[in-house]
Amino acid sequence: MAVELNELRDQIDVVDKQMLDLLAQRLALVEKVGEVKSEHGLPIYAPDREAAMLASRRAEAEKKGVPPQLIEDILRRTMRESYASEKDSGFKCLNPSLRSVVIVGGKGQLGGLFGRMFTLSGYDVKVLGSQDWDRADEMLCDAGLVVVTVPIHLTEGVIEKLGNLPKDCILCDLTSIKSKPLQAMMQAHAGPVVGLHPMFGPDVPSLAKQVIVYCDGRGQEAYQWLLEQFSIWGASLCPIEASEHDHGMTLIQALRHFTSFAYGLHLSRENPNIDKLLQLSSPIYRLELAMVGRLFAQDPNLYGDIILSSQENIDMIKRFHRCFGEALDILDGKDKAHFVESFEQVSDWFGDYSQQFMNESQNLLKQANDNIHRG
């Protein structure tokens, strides 16, 4: 049996090496694709092409008796690497006559990411850090685009210092709240203004499929090229009113981060053995624990600023606290019927999204389980 098993394993090793060779060939082709896209100003992410290719490969896999989801998983992971590789070819510069791009706060991580992307696109990029304000007038006098990316609590004060920009300069910010910064930019600058919120962190390998929210301010025609430049980088654009954006962020960011903070605080006081928790964890709990732990690996000032950025956030969290208390009352009363009734009401509210989220989460959990090594 051992001899037979070893022979089969040897054959698998040979196939694995062939797969490596094919992946290397694919990445080499992708690099050439990136060069062509860069030359002609094509986005690195083409959703229609990706969807058609995946559908075709799934159909081919089914004919060969290969699980369609298997080939899709392999290709999606390969494409993620491909998107990261394609950006190394650079991007077409859509506004070659633009004067310098000045990133205020560009020494931070997110500012650094956008600085690299603009540089890869052939723009002249300058960084205005906190120690450079004695040279601010010199750096800003010929700016064609100014990007403000500083901590939330400093944003409005920094914007107020930018009152002497060239009239045709585009002023934008990357802050996770939009109404107040957008209003501050409109007051400080008479030229084109747009509010931006990248819905991703600075550690993304590429901007393919990443969302950049934008809130129109003034002079949309002047910054249309900027939005198109983001699309070439692979980003998906989401236009929205600043007030609607901020209301959505109370749930997507403030409440979510606060509940993670509170759960982490509770865990630290209960003081369980994390290694034991991981051994006992189903994939979904491990993923939930990872998302909570991820918060505490980052800058507390950033998350404090996000949560405390508006009274609306605090009011939302207080409403959640009251809702949590109502749910506890159900437990105190050991009222299973009330629990089931409330559960079904929420299920009805989610509607068809419940099954959609079930399917999406199953795929995530399979990937999370694949990454686990149990000794």
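**Quick tour**

Modeller: Leucine 120 sits in helix α4, residues 109-120. Keep in mind that this is a predicted model.

Colleague: How far apart are leucine 120 and leucine 295 in space?

Modeller: They are 30 Å apart, C-alpha to C-alpha. In sequence, 175 residues separate them.

Colleague: Switching to the sheet. What is the strand order?

Modeller: The order is β2-β1-β3-β4-β5-β6-β7. It is an open sheet of seven strands with mixed pairing.

Colleague: Which strands stand at the edges?

Modeller: β2 (125-128) and β7 (236-239). Each has a single partner strand, so one side of each is left without a neighbour in the sheet. On average, neighbouring strands here are turned by 25° against each other, direction ignored.

Colleague: In what sense do β3 and β4 pair?

Modeller: Parallel, over four bridges. β3 covers residues 143-148 and β4 covers 170-173. Leucine 145 stands opposite isoleucine 170 in β4.

Colleague: Which strands does helix α7 lie across?

Modeller: β4, β5 and β6. Helix α7 spans residues 179-188 and runs at about 155° to β5.

Colleague: Now the surface. Which residues form the nonpolar patch?

Modeller: Val346, Trp349, Phe350, Tyr353 and Phe357. Together they have about 570 Å² of accessible area.

Colleague: Which element gives the most to that patch?

Modeller: α14, with three residues. α14 (336-350) and α15 (353-370) are the elements that give two or more. Tyrosine 353 lies in α15.

Terms used. Residues are numbered from 1 along each chain as its sequence is written. This is a predicted model: local features need pLDDT of at least 70, side-chain atom pairs count only at pLDDT 80 or more; totals for chains, interfaces and linings use all residues. Side-chain values use heavy atoms; hydrogens and water are left out. Two strands pair if DSSP finds at least two bridges between them. Axes are lines fitted to C-alpha atoms, for helices over the stretch in contact, and angles run from 0 to 180 degrees between N-to-C directions. Contact means heavy atoms within 4.5 Å. Patches are made of residues with over 30% relative accessible area and no salt bridge: like charges are joined within 9 Å, nonpolar side chains (Val, Leu, Ile, Met, Phe, Trp, Tyr) within 5 Å. Accessible areas come from the Shrake-Rupley method with a 1.4 Å probe; for residues, only the protein chains shown count as cover. A salt bridge is a side-chain nitrogen of Lys or Arg within 4 Å of a carboxyl oxygen of Asp or Glu.
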